[in-house]
Amino acid sequence: MGTLRDLQYALQEKIEELRQRDALIDELELELDQKDELIQKLQNELDKYRSVIRPATQQAQQQSAGTLQGEQRTKRQAISAEPTAFDIQDLSHVTLPFYPKSPQSKELIKEAILDNDFMKNLELSQIQEIVDCMYPVEYGKDSCIIKEGDVGSLVYVMEGTV
């Protein structure tokens with residue numbers, strides 16, 4: 001059996017080993033968090049590209065299949081909202097307004113839509129329709145446009161001016 005001094009020394013060694021392991025665990029957890037953030041960022045980028053590529057690919061496949069079969073295909077319509085009192089068939093005759101905008105504004109709006117978790121899976125044609133329908137509204141400095149927790153029915157894309 002060891003002496004008290006030997007046991008205290010062994011205990012100190014074990015405590016130091018535990019501190020080193022804790023430091024290593026902390027370092028590895030930090031590295032893991034950074035990698036998780038990178039994975040999330042890359043996943044968001046991949047989702048953006050998929051949402052643009054998939055609809056374009058599907059549209060090309062549908063067009064080639066339609067010409068091979070010699071039949072015209074009608075465009076699918078998908079609506080996701082609370083139930084309304086009017087007939088959905090009435091929506092097929094709605095003409096959407098068009099607001100001209102610069103290519104930079106169009107790209108900004110498109111990127112904002114692709115960054116939005118609820119809208120990023122829309123078809124490219126739907127995104128283009130939204131971009132075309134959006135219009136500018138100017139607010140003064142320090143204006144409160146929307147705050148967290150507000151119930152809203154509008155989509156805002158902020159474009160700052162210098």
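**View 1. Glu-31 and Lys-35 sit four residues apart in helix 1, about one turn of the helix**. Helices here are DSSP runs of H or I with at least four residues, strands are runs of E with at least two, and both are numbered from the N terminus. Glu-31 forms a salt bridge with Lys-35, and their closest N and O atoms are 3.2 Å apart. A salt bridge is a side-chain nitrogen of Lys or Arg within 4 Å of a carboxyl oxygen of Asp or Glu. Glu-31 is partly exposed because its relative accessibility is 34%, and Lys-35 is partly exposed at 45%. Buried means under 20% relative accessible area, exposed means over 50%, and partly exposed lies in between (1.4 Å probe, protein chains only).

This is a predicted model, in which local features need pLDDT of at least 70 and side-chain atom pairs count only at pLDDT 80 or more, while totals for chains, interfaces and linings use all residues. Residues are numbered from 1 along each chain as its sequence is written, and side-chain values use heavy atoms, with hydrogens and water left out.

**View 2. Glu-16 and Arg-19 form a salt bridge**. The closest N and O atoms of Glu-16 and Arg-19 are 3.7 Å apart. Glu-16 and Arg-19 are separated by about one helical turn because they lie three residues apart in helix 1 (residues 4-69). Glu-16 is partly exposed at 35% relative accessibility, whereas Arg-19 is exposed with a relative accessible area of 53%.

**View 3. Lys-120 forms a salt bridge with Asp-117**. The closest N and O atoms of Lys-120 and Asp-117 are 3.4 Å apart. Lys-120 counts as buried because its relative accessibility is 11%, whereas Asp-117 is exposed at 54%. A search of the whole structure finds three salt bridges.

**View 4. The largest nonpolar core has seven residues**. They are Ile-109, Ile-113, Leu-114, Met-119, Ile-127, Val-131 and Met-134. Helix 2 (103-115) and helix 3 each supply at least two residues of this core, and helix 2 gives the most, with three. A nonpolar core is a set of buried Ala, Val, Leu, Ile, Met, Phe, Trp, Tyr and Cys residues joined through side-chain atoms within 4.5 Å. Leaving out residues up to four places away in sequence, Val-131 touches Lys-101, Lys-106, Ile-109, Lys-110 and Ile-113. Contact means heavy atoms within 4.5 Å.

View 5. Apart from neighbours within four places in sequence, Asp-132 is in contact with Pro-97, Phe-98, Tyr-99 and Lys-101.

**View 6. A nonpolar patch on the surface includes Tyr-139**. The patch is formed by Tyr-99, Tyr-135, Val-137, Tyr-139, Ile-146, Leu-154 and Tyr-156, with about 710 Å² of accessible area together. Patches are made of residues with over 30% relative accessible area and no salt bridge; like charges are joined within 9 Å, and nonpolar side chains (Val, Leu, Ile, Met, Phe, Trp, Tyr) within 5 Å. Accessible areas come from the Shrake-Rupley method with a 1.4 Å probe, and for residues only the protein chains shown count as cover. Tyr-139 lies in the segment after helix 3 (124-133) and is partly exposed at 43% relative accessibility.
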